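I opened a notebook on this structure to record what I looked up, one item at a time.

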Amino acid sequence: MINFSRILFAFLLFGIISCETAVREKPINEYYDVDALVDQQAKLLSDMQPKIEKSVEVDGQKEMDTLEFDSLGWKNELEVFKLADINKPTLFDAYEATEEQTSNGKIWRYSTEKPSLGIEFLYVYFDQDSTVKKLEARYHENNALYISERNFEINFNNTNGTPVLASYKIYGRQKMAMKDEVSFSIESEVVN
């Protein structure tokens, strides 16, 4: 009977310890899942089939066009925003996460002091219904061949509780070894 009590006590103790350990672990989804949002938008926009008015400016030279995309086109067009995804196992606990309540909703801010991580910051703005209304991020890369900085801004409309891409902007600069610095800006607005 004493052995049975010890075995039962050991199982209970093991169960309590393992439950406590599981509660303390942080899930990787602690950071906002930009990848999932971009994939959702590509699918949604390919179903809606809107046009975009796009302007590209490189060192003062500006071009404008109106474009339509199929599902692969939307996937390719939005792929660059996946650079802003910090929801990766290698980045676990690398960013400080804060939340700010505002009169219009809330802002989740993720920032780091480690420029080698690529994404310096990611800000996710939510409306009062907790629907994403805006994303901002800065991607920085510095190596022997070039220095590159890209700023992302993506704006969404709230359509029945679903974020729908309204516009986006990518701007920054790139300096290659032994070449002049190039500044660029890409702005797109979804139109019907």
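Entry one. I looked up V56 in this predicted model and found that V56 is partly exposed, at 32% relative accessible area. That value passes the cut-off of over 30% for patch residues. I placed V56 in strand 1, which covers residues 51-58. With V58 and V182, V56 makes a nonpolar surface patch of about 170 Å².

Entry two. I turned to the salt bridges and noted a count of nine. One of them joins E77 and K54, with the closest N and O atoms 2.8 Å apart. E77 sits in helix 3 (residues 71-78) and K54 in strand 1, so the pair links distant parts of the chain, 23 residues apart. I checked both partners for cover: E77 is buried at 13% relative accessible area, and K54 is buried at 18%.

K134 counts as partly exposed at 21% relative accessibility, while E136 counts as buried at 18%.

I then looked up E149, which lies in strand 7 (residues 146-159). E149 forms a salt bridge with R173, the closest N and O atoms being 3.9 Å apart. This pair links distant parts of the chain, with R173 in strand 8 (residues 162-176), 24 residues from E149. E149 counts as buried at 17% relative accessibility, whereas R173 counts as partly exposed at 28%. Salt bridges with shared partners join E120, R138, E149, R173 and E181 into one network.

Entry five. Leaving aside neighbours within four places in sequence, I listed the contacts of E149, among them R138, Y139, H140 and F184.

Key: Residues are numbered from 1 along each chain as its sequence is written. This is a predicted model: local features need pLDDT of at least 70, side-chain atom pairs count only at pLDDT 80 or more; totals for chains, interfaces and linings use all residues. Side-chain values use heavy atoms; hydrogens and water are left out. Patches are made of residues with over 30% relative accessible area and no salt bridge: like charges are joined within 9 Å, nonpolar side chains (Val, Leu, Ile, Met, Phe, Trp, Tyr) within 5 Å. Accessible areas come from the Shrake-Rupley method with a 1.4 Å probe; for residues, only the protein chains shown count as cover. A salt bridge is a side-chain nitrogen of Lys or Arg within 4 Å of a carboxyl oxygen of Asp or Glu. Helices (H or I, at least four residues) and strands (E, at least two) are DSSP runs, numbered from the N terminus. Buried means under 20% relative accessible area, exposed over 50%, partly exposed in between (1.4 Å probe, protein chains only). Contact means heavy atoms within 4.5 Å.
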